[in-house]
Amino acid sequence: MEAGTAGDTHTPEIGGTGGLERATVGDAGSSEEIGGRLNGGAAGDTNTTTGLGGNSGAGDAGNAGDANVDDVHLPYRDRSNWTGVGFFGTRGTYFADVTGDGRADAIASLASGLYVHRSTGTHFSANETWSDVGFEGWFGTYFADVTGDGRADAIAGWSNGLFVRRSNGTSFEPNEQWTTENCAGDSTDFADVDGDGRADVITRLNESVVVRRANIDGTGFGSGETWSSLPFAGNKGTFFADVTGDGKADAVAVTDGGILVRRSTGVGFAPNEIWTTDAFYGLGNTFVVDGTADGKADVIAVNPTTVHMRRSDGVTFGGTELVSNLPGLPVLRFAVDVNGDKRADFVEVAPDGVQVTLSRE
Ligand SMILES: [Ca+2]
Ligand SMILES: [Ca+2]
Ligand SMILES: [Ca+2]
Ligand SMILES: [Ca+2]
């Protein structure tokens with residue numbers, strides 16, 4: 001039996017695929033689905049907010065020097081349309097490397113299935129059907145490499161467990177149940193915290209942070225381990241990314257009073273370290289991703305007309321640098337490497353297509 005979506009067979013309490021979509025991104029559009037995917041996010045998509053950082057309040061720490069910088073040398077400059085036409089999934093739009101070539105691909109989740117447009121490094125190529133049934137979770141749908149083969153797999157989070165459909169490079173294989181535990185919390189993230197090349201599950205709860213590691217066989221998640229017996233949260237964002245460059249994702253809390261890091265030891269998160277003593281976050285988005293290709297994730301703050309970065313040197317985040325003065329589009333935005341040079345690029349899901357701003361040296 002093709003197991004289909006997790007909702008169909010495993011979560012009667014939620015009521016199937018019509019259930020909640022709390023963590024699904026990009027679902028603002030309500031237009032007809034195929035048209036939405038192929039012919040444009042149109043009005044629906046423009047209602048999507050610029051996201052995680054929120055648009056209220058003060059607190060952009062880094063506006064110094066904008067007017068005098070020679071933008072020719074900025075790392076993020078020209079924007080180009082990688083799809084030519086509007087692209088978004090009514091159940092979610094994602095960017096992850098499902099083919100294993102180092103370039104993040106574009107993924108649209110619709111009720112009818114999962115659709116992939118491969119990155120060529122210069123554009124997203126033609127539509128491919130990777131699943132002819134819908135696949136989404138109640139509390140979240142994710143794309144991360146949990147099997148360790150370099151290809152991001154599809155993951156659906158339900159109250160009765162996590163369901164994985166592994167990528168084989170050309171499609172998502174049948175549904176597998178990887179844990180029977182509820183991994184929902186204040187947030188659920190997938191990142192490789194123990195450095196074995198497989199993304200693990202990180203659940204933040206009111207009183208702790210629980211990790212379930214992907215097993216060495218690539219067949220399931222282990223039981224819950226308490227990696228922090230204290231809560232961990234940033235009021236401007238909480239992230240799991242390798243800021244120290246040892247291959248293990250660390251915990252990063254971005255707050256309006258500074259940025260805290262708890263290093264992964266491989267078996268837990270070490271005590272808090274203060275990596276910035278001043279506020280640094282974006283009014284549009286804040287990302288903790290490697291913008292410099294040194295293997296250490298940096299903090300990138302996207303504001304309405306500027307983007308700033310503070311580089312990780314492995315022990316702290318350095319001074320604020322202007323990296324782009326391209327005004328951001330008021331659409332869903334991602335920071336992910338789409339051309340395989342190890343530097344995160346900006347990807348904006350605009351009504352007329354997916355706009356990419358590549359990073360460069
Ligand atoms: Ca995989
Ligand atoms: Ca792992
Ligand atoms: Ca870096
Ligand atoms: Ca790149």
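These legends accompany several close-up views of one predicted protein model.

Residues count from 1 along each chain as its sequence is written, and chains are lettered from A, with ligands numbered from 1, in the order in which they are written. As this is a predicted model, local features need pLDDT of at least 70 and side-chain atom pairs count only at pLDDT 80 or more, while totals for chains, interfaces and linings use all residues.

**View 1. The whole chain and its confidence.**
The protein holds 3 helices and 24 strands. Both are DSSP runs, numbered from the N terminus: helices are H or I with at least four residues, strands are E with at least two. Of the 361 residues, 51% are buried. Buried means that 20 or more other C-beta atoms lie within 10 Å of the residue's own; exposed means 12 or fewer, partly exposed is in between, and C-beta atoms are placed from the backbone. Among contacts with a separation of 6 or more, 49% link residues 24 or more positions apart. A contact requires C-beta atoms, placed from the backbone, within 7 Å. Mean pLDDT, the predictor's confidence in each residue from 0 to 100, is 84 for the protein, and 80% of the residues reach 70 or more. Residues 1–69 have pLDDT below 50. Beyond near neighbours in sequence, that stretch still has 156 contacts in the model.

**View 2. The largest nonpolar core.**
The largest nonpolar core contains 88 residues. Such a core is a set of buried Ala, Val, Leu, Ile, Met, Phe, Trp, Tyr and Cys residues joined through C-beta atoms within 7 Å. I107, V252 and I259 have the most contacts inside it. Which residues does I259 touch, leaving out those up to four places away in sequence? They are V252, A253, V254, W275, T276, F280, V299 and F317.

**View 3. The open sheet β18-β19-β20-β21.**
Four strands make up this sheet, in the order β18-β19-β20-β21, with antiparallel pairing. β18 (285–289) and β21 (317–324) are the edge strands; each has a single partner strand, so one side of each lacks a neighbour in the sheet. From one strand to the next, the twist averages 20°. Pairing of two strands calls for at least two DSSP bridges between them. β18 and β19 (residues 298–302) pair in the antiparallel sense over 5 bridges. V289 stands opposite D298 in β19.

**View 4. The loop between β18 and β19.**
A293 sits in this loop. Its phi is near 65°, a positive value in a residue other than glycine. Is A293 buried or partly exposed? A293 is partly exposed, because 13 other C-beta atoms lie within 10 Å.

**View 5. The open sheet β1-β24-β23-β22.**
Here 4 strands form an open sheet in the order β1-β24-β23-β22, and the pairing is antiparallel. β1 and β22 stand at the edges with a single partner strand each, so one side of each is without a neighbour in the sheet. The twist averages 20° from one strand to the next. β1 joins β24 (residues 353–359) through 4 bridges, running antiparallel. Y76 has S359 of β24 as its bridge partner.

**View 6. β23 and its partner strands.**
β22 and β23 run antiparallel, joined by 5 bridges. The bridge partner of A350 in β24 is G353.

**View 7. Two further loops.**
F87 lies in the loop between β1 (76–81) and β2 (92–96). F87 is buried, because 29 other C-beta atoms lie within 10 Å. F87 and H117 are 30 residues apart along the chain, and their C-alpha atoms are separated by 9.6 Å. K342 is found in the loop between β22 (332–336) and β23 (345–350). Phi of K342 is near 75°, positive in a residue other than glycine. K342 counts as partly exposed, because it has 14 C-beta neighbours inside 10 Å.

Technical notes:
Two residues are in contact if their C-beta atoms, placed from the backbone, lie within 7 Å. Axes are lines fitted to C-alpha atoms, for helices over the stretch in contact, and angles run from 0 to 180 degrees between N-to-C directions.
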